[in-house]
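Work through the exercises below with the sequence and the 3D structure open beside you. Try each task before you read its solution.

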Amino acid sequence: MIEFLIGSKGLVYKKGKFSAIEEQQLKTAIETFKATRGLTDDQILEIIFQRNEKGKDNTFWSEITAAVPQRPIIAVYHHVRRAFHPKKQQGKWTPEEDILLKQAVVDLGQQWEKVSERVGRMSSDCRDRYRNHIANRELRVTGPWSKEEEDELTRIVTEMTIQQGKDLDNDVFWGIVSDRMGNRRGRQQCRIKWTDSLSKTVKNEGQKPRWSPQDAYILVHKVDSLKVRDDTEIDWKTLPDPDWNLWSAHSLQRRWLTMKRSIKGYEDMTHQEIMDILRVKKAHLPPAAASIRRRKVTSAASVDDLESVIDPDLVKDSGAVLEAGPSEAVSSV
């Protein structure tokens with residue numbers, strides 16, 4: 001049925017992190033498979049981590065994938081193997097493990113499954129630890145970024161994206177960026193510096209923007225428009241639009257979490273209950289500050305016209321430009 005939909009209806013598989021709801025759906029499907037066949041936990045683990053490809057239980061993978069029809073079977077396979085891996089969440093890496101990992105890569109190359117067996121950590125953990133912390137460690141610089149480094153990173157990213165008609169936030173290969181910076185900053189350092197700081201400044205013509213009540217209003221209404229059952233289902237990359245693109249997906253996710261956590265008792269609320277409260281809290285923008293500067297990108301096409309929630313007389317009297325955000329106001333959320 002899925003193959004038919006892909007071919008005839010243009011079904012596109014969902015990508016990215018599995019949501020909490022999908023996690024529960026897979027867990028239920030695995031428990032059902034185990035119960036209907038009278039299997040033990042150890043037998044389920046044997047099926048999940050079957051080493052021999054010829055002995056792989058395709059019935060198991062097909063049945064549990066049916067519980068999350070928007071995911072391809074290969075994505076479910078890798079996700080479940082990570083979730084049930086016996087070496088999952090082993091804590092902080094020790095210096096001894098780092099030495100073992102470095103030598104394993106020297107001996108085996110970046111064959112992460114084989115490296116995993118030698119080091120005793122998940123293959124994905126070995127890969128990320130090596131790429132982000134071990135590779136070129138002797139060249140690595142830590143601490144605050146200099147102005148020269150920021151300028152260099154900005155130049156490299158814009159050359160790789162804007163100058164080639166690509167997206168500033170989503171079409172960047174951070175390993176290549178790190179290489180072009182002489183590996184003085186790692187791929188993770190470059191990514192975080194760009195998404196958390198430099199990206200929005202570049203988009204705002206060199207001026208660092210400030211998160212405003214208007215941004216909070218737009219974010220709440222955008223999240224509401226998605227009609228998701230849980231915020232773990234949100235693909236944050238889809239929220240920015242041509243009229244509201246200062247903030248990276250990572251920045252928007254952090255802002256959302258801050259707003260959500262500002263609600264007392266949010267831990268015990270459903271997403272819909274949280275959404276109902278935030279819609280009320282962000283239904284109207286606060287009065288505009290007396291001093292308002294123009295900002296390059298300010299509104300969102302997918303939410304209601306902000307004129308409907310701003311007092312026109314207030315805007316007229318203050319001489320404010322409707323699209324501008326307060327220069328002094330910084331939202332508490």
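The model is predicted, with residues numbered from 1 along each chain as its sequence is written, and local features need pLDDT of at least 70, while side-chain atom pairs count only at pLDDT 80 or more and totals for chains, interfaces and linings use all residues. Side-chain values use heavy atoms, with hydrogens and water left out.

**Exercise 1.** Find where Ser248 is located, decide whether Ser248 is buried or exposed, and list the polar contacts of the Ser248 side chain.

*Solution.* Begin with the location: Ser248 is found in the loop between helix 12 (213-226) and helix 13 (249-261), where helices are DSSP runs of H or I with at least four residues, numbered from the N terminus. Next, Ser248 has 3% relative accessibility and therefore counts as buried (buried means under 20% relative accessible area, exposed over 50%, partly exposed in between, with a 1.4 Å probe and protein chains only). Then look for polar contacts, which are pairs of N or O atoms within 3.5 Å, where within protein one must be able to donate a hydrogen and the other to accept it, and residues adjacent in sequence count only if both atoms are side-chain atoms. The Ser248 side chain reaches the backbone oxygen of Thr195 at 3.1 Å, and it makes a polar contact with the side chain of Ser251 at 3.0 Å.

**Exercise 2.** Work out how helix 6 and helix 8 are oriented to each other.

*Solution.* First take the geometry: helix 6 (residues 95-108) and helix 8 (residues 123-134) pack at an angle of about 100 degrees, with their axes 11 Å apart (axes are lines fitted to C-alpha atoms, for helices over the stretch in contact, and angles run from 0 to 180 degrees between N-to-C directions). Angles under 35 degrees count as roughly parallel, over 145 as roughly antiparallel, 65 to 115 as roughly perpendicular and the rest as oblique, and therefore the two helices are roughly perpendicular to each other.

**Exercise 3.** Classify the aromatic pair of Phe33 and Phe60, and state where its two partners lie.

*Solution.* Rings of Phe, Tyr and Trp (its six-membered ring) pair if their centres lie within 6.5 Å, and planes under 30 degrees apart count as stacked, over 60 as edge-to-face and the rest as tilted. The ring centres of Phe33 and Phe60 are 5.0 Å apart and their planes stand at 80 degrees, so the pair is edge-to-face. This pair links distant parts of the chain, with Phe33 in helix 2 (residues 20-37) and Phe60 in helix 4 (residues 58-65), 27 residues apart. Both Phe33 and Phe60 are buried, and together with Trp61 and Tyr77 they form one aromatic cluster.
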